[in-house]
Amino acid sequence: MKSFAKLTIPYIVWMTIMIIVPMLMIVLYAVTVQGNDVLTFQFTFSNFIRFFQDSIFPTVLWRSLTMAFFTTLICIAIGYPMAYAMAKLKPRSQAIMVLLVTLPMWINMLVRTYAWKGILSNFDLSSEICVYIGMVYNFLPFMILQIYTSLSKIDENLIIASHDLGANDRQTFLRVVLPLSLSGVISGITLVFLPAVSSFFIPKLLGGGQYVLIGNLIEDYFISTGDWNFGSAISLIMAIIILISMYVTKKLDKEPPEVND
Amino acid sequence: MAKKLIEIKNIVKTFDKQVVLKGISLDIMENEFVTLLGPSGCGKTTLLRIIAGFLDATEGHVIMDGEDIASIPAYKRDVNTVFQHYALFPHLDVYDNIAFGLTIKKEPKDIIDQKVTRMISLVGLEGFEHKDVTLLSGGQQQRVAIARALVNEPKVLLLDESLSALDKNLRKEMQLELKEIQREVGITFIFVTHDQEEALTMSDKIVIMKDGDIEQIGTPADVYNEPINEYCARFIGDSNIIDGVMKKDNLVSFDDEDYKCTDYGFAENEPVDIVIRPEDIDIVARNRGLLNGEVKSSLFKGVHYEIIAETSSGTSKTVMMHVTGEHDVVNKEAHERISASSFMMDLEDVASLSDSEVIARANAQAWTDDEEDVSLTDISYDVNNEVGVYDCTIGTSAGTKITIKINVVKPRAVEDAENEESIQAFDFFRTVDEIKESVALDTDLIRWADAYAWSTEDNSRVEIWDVKYDFDDQNITEGLYPITFSTQGRELKIETTDKHEVGERVGLQWSPEDIHVMKKMG
């Protein structure tokens, strides 16, 4: 085992250079102001004060969070019945369905979003609805696969046992199937909510610049305005919100232990 | 007389044209412990699932309390099941698992609490109420599963191989406990198992199944003492099952001896199967019993010894083994050696004699001075299709040669009319080294002597059971040695608390009621 432990060194080096260092730099940028020389940092909280003082930023933040929340909700509403139906199919059909669900992922997300831009331009829809369509379309497969996996792991005997104990189909679903598939729903939420809240190219492409989300703000400050310090501050606030939401989902996700037999 | 609770009428079940149940009819009484016993694939679990309502019968009816329940879905039946792997709900604790059925029925909370608590104490799980079911031991999970089913107060509890996942000691404990629980709650238990011991210990009624049919229904004592055929006798307990003939009422015969019995109602001279249970045979002094035998093996089983006694020997034939010294032919120029033995063969086999057969029978081989094998290419023999002695020369391409004799003989088979068996074998020639080098001497001797036994009844092959010889294979010298091949004789299994040595000559004794005569299966 000891010799295998050394195999993690390249990854650790990679992580340090590509993730930890940039993260630290974001923190550094967020607490300094523009025009600093590397040797004369000026620490300040003005970036954060600016964020919360200007009403536009919290509004965009709130919009991003509600957008991600409803995207997740719609994904559950569509994904759960779909996954449930898949898990009831014959094994062969199940494999085909999993393939069909994953098939769109073979094409780059950006390319697919451009395609949607073309399709949606034919209709007279509000930019908000277009963004929702793009979000749900892109993140739905993650939700379906997570729920499907947890549903297909449920022992058929548990359902038979539930019927045996007097539960009809509806009661069996509510009291046995749903609780046992909850862990899949929760990991689905993680996989949909987190990318949705920080997504920037979907609202940019499909919202036509009318529908600004937090991701677009960050992008603007880095690319257009060139105010890396303020952009970093927004990123940091986002990161903290994501961290908190991950903590909350983790708390909810007490995966039921496997059944021993 | 107990009331009929379930009437199973001519149930047929087919899966994809495969018939799993072939018309089962069975009555189950109130408060009865019924065991469906049979090997896997006999249809016992299918029958259980039809009663539970998880499967629909292709034909037939299940009538419970006078009402056909075919159209009643599983969740409305007054029947609960304990599953093979328990199928406990992993997201619920012990208490909530047991309360599941009552919660579904929306019983008031205080009633649920009262009933669940009573069940928990019935199965002895006090203190485990809020334990995670996945952390319980097998035995504890089993108890939760029983409590979860019983709390609904079903009229029938179905148990599907419910003890098979437990280890042996726990299984024994649970057998007693299950029986105790059944007595206490006073409902019908239908238990499915392939374990005859479980069936005998717990049941009021045993149903022995085979290939989708019922073979026998009876109390444990009935099926043990009076199995109706060989299948049931073998399935329930250890038995001596002997081919015999029913001479007349109360007189049965096997191995050419007549024995008194208490069975009657068979045709005169009808072939039958006879069961004598190992514990019913007593060992007495020689010539004091009904027949004599020799102890072949004795195994200590804890409380008793399991003794195998041979009461009549099988059919046997003795042949001579000619052991010769080294007879290699040396070819100095080619640096080769060759060896082969003369052999005897059956006249009938002459027609099919081939080069490779000659090499095999003569055990011919050639090798160089460096111990490299040399192939035998030059084989010449002129064997006529009649009895006689013929020369045969075997050689290599380098000219190394050996000449042997092929003795073509008419075999004299030994026929044993009593056993309806024949056995034949030939004298053979071998060198000292060949015998010393043999790793499985008995098998080699059978092969070398071409020993073969068959049934004179239907010509089927009979196994050579015993090879007897009186030499030490590691210190054998040149000479003639007799070897006896024999088939299995009559062997009886006996269970006794007395110790008997292997080789001891004993008498065997039983009383007429210990013999149980069954119709031949057919």
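Among contacts in chain B between residues at least 6 apart in sequence, what percentage join residues at least 24 apart? The answer is 68%, where a contact means that two C-beta atoms, placed from the backbone, lie within 7 Å.

Welcome to a predicted model, in which local features need pLDDT of at least 70, side-chain atom pairs count only at pLDDT 80 or more, and totals for chains, interfaces and linings use all residues. Residues are numbered from 1 along each chain as its sequence is written, while chains are lettered from A and ligands numbered from 1 in the order in which they are written.

Here is chain B in brief.

| Property of chain B | Value |
|---|---|
| Box of C-alpha atoms along the principal axes | roughly 105 × 60 × 50 Å |
| Radius of gyration | 33 Å |

Chain B has 11 helices and 36 strands, which are DSSP runs (helices H or I, at least four residues; strands E, at least two) numbered from the N terminus.

Now to the contact between the chains: 21 residues come from chain B and 21 residues from chain A. On the chain B side, strand S6 (79-82) and helix H2 (94-104) of chain B each give two or more residues, and H2(B) gives the most, with three.

How values were computed:
The radius of gyration is taken over C-alpha atoms; the globule rule is 2.2 Å times the number of residues to the power 0.38.
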